[in-house]
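Colleague: I would like to go through this model with you, term by term. Please give me the value and the cut-off each time.

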Amino acid sequence: MTARLADPPAPPVTDPLTDPVADLVAGPVASEPPERWWRRPLWNRFSAPQLVVLVLATIAPLVIVGAVGAALLGLISVGAMVAVALAAGENPGMITFGAMFLASPVQWWTGRSQVRVRKYLGIVFFLLALSNGVMFAIESGVGAALSAPFLVAGTVALALAAPLFVTSNRWSQRRLGMRRWRLLHKATYVVAVALMAHVLLIGDIGLGFVLISLGFAARVPAVKRWIQRRADRRRGIADPRPDTPALQLER
């Protein structure tokens, strides 16, 4: 009489919709190609607050494009176009940069990626700053860009923002390497300081200045750790990190 061996246990059934490693085990489904990000609707890529920020950031560029178009069609004078474009670029540009500068602290607090929002706001800020520079050159001439301290600060901010705008893409990251790319984009802090000096020298401290100041404050390591711990507790995540006071700015 021979003993009958027990049947081996059946492998667990995995559901690709609920099990994050199921597709690694079973492989992709041939009949359903992977969904591309541009095919997903906006409300699946961004949260409602993110969409609100993106829409608000788009208003100023549209106003400038409308003013330039109206001037080209002869509906308004060049002087009126310059006045509208400068008004639509100065304070909205500062606010846009401030919102971009606060994107990382918001990500620490919410745990939701803000990379796409930060990238979009950075592009919008540069276009607004470039528009301001061009309109000022039309109104006062290129030579006047260095005629006053607040103009020097604004010119420095625009000049440093240009390479950041050009390299805000995956191709530049691959060509430069992430270490050099990150080092280059540390210039964002210099741009922030130049913008704060620009509005301080003008004497027009507004919401943009406040947002940039909050962004610097949130990057102090002690404040950053406090934000992350509060966010972890809110999400029910234990925090094993020790309390180590630090006063340097987060790099």
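Colleague: In which helix is Val84 found?

Modeller: Val84 is found in helix α4, residues 78–101. Helices here are DSSP runs of H or I with at least four residues, strands are runs of E with at least two, and both are numbered from the N terminus. One caution: this is a predicted model, where local features need pLDDT of at least 70 and side-chain atom pairs count only at pLDDT 80 or more, while totals for chains, interfaces and linings use all residues. Residues are numbered from 1 along each chain as its sequence is written, and side-chain values use heavy atoms, with hydrogens and water left out.

Colleague: Why is Val84 called partly exposed?

Modeller: Its relative accessible area is 35%. Buried means under 20%, exposed means over 50%, and partly exposed lies in between, with a 1.4 Å probe and protein chains only. So Val84 counts as partly exposed.

Colleague: What makes the nonpolar surface patch?

Modeller: Val52, Leu56, Ile59, Val63 and Val84 make it, with about 410 Å². Patch residues have over 30% relative accessible area and no salt bridge; nonpolar side chains (Val, Leu, Ile, Met, Phe, Trp, Tyr) are joined within 5 Å, like charges within 9 Å. A salt bridge is a side-chain nitrogen of Lys or Arg within 4 Å of a carboxyl oxygen of Asp or Glu. Areas come from the Shrake-Rupley method with a 1.4 Å probe, and for residues only the protein chains shown count as cover. Helix α3, residues 48–72, gives the most to the patch, with four residues.

Colleague: What is the secondary structure of the protein?

Modeller: It comes to 12 helices and zero strands. Buried residues make up 32% of the 251 residues.

Colleague: Which residues touch the most other members of the largest nonpolar core?

Modeller: Phe97, Phe125, Val191, Leu195 and Ile212 do, in a core of 25 residues. A core is a set of buried Ala, Val, Leu, Ile, Met, Phe, Trp, Tyr and Cys residues joined through side-chain atoms within 4.5 Å. The elements that give two or more residues to this core are α3, α4, α6 (115–140), α7 (149–166), α10 and α11. The largest share, seven residues, comes from α10.

Colleague: How many aromatic pairs are there?

Modeller: The count comes to six. Rings of Phe, Tyr and Trp (its six-membered ring) pair if their centres lie within 6.5 Å; planes under 30 degrees apart count as stacked, over 60 as edge-to-face and the rest as tilted.

Colleague: Why is the pair of Tyr189 and Phe216 called tilted?

Modeller: The ring centres are 6.2 Å apart and the planes stand at 40 degrees, so the pair is tilted. Tyr189 is in helix α10 (residues 187–202) and Phe216 in helix α11 (residues 207–218), 27 residues apart, and the pair links distant parts of the chain. Ring pairs also link Phe97, Phe101, Phe125, Tyr189 and Phe216 into a cluster.

Colleague: Is Phe216 buried or exposed?

Modeller: Buried, because its relative accessible area is 15%. Tyr189 has 23%, so Tyr189 is partly exposed.

Colleague: Where does Arg219 lie?

Modeller: Arg219 lies over the face of Phe101, at 4.1 Å from the ring centre. The rule asks for NZ of Lys or CZ of Arg within 6 Å of the ring centre and within 35 degrees of the ring normal.

Colleague: What makes Arg45 count as buried?

Modeller: Arg45 has 16% relative accessibility, so Arg45 counts as buried. Arg45 lies in helix α2, residues 42–45. Arg45 and Arg116 are 71 residues apart in sequence and 9.2 Å apart in space, C-alpha to C-alpha.
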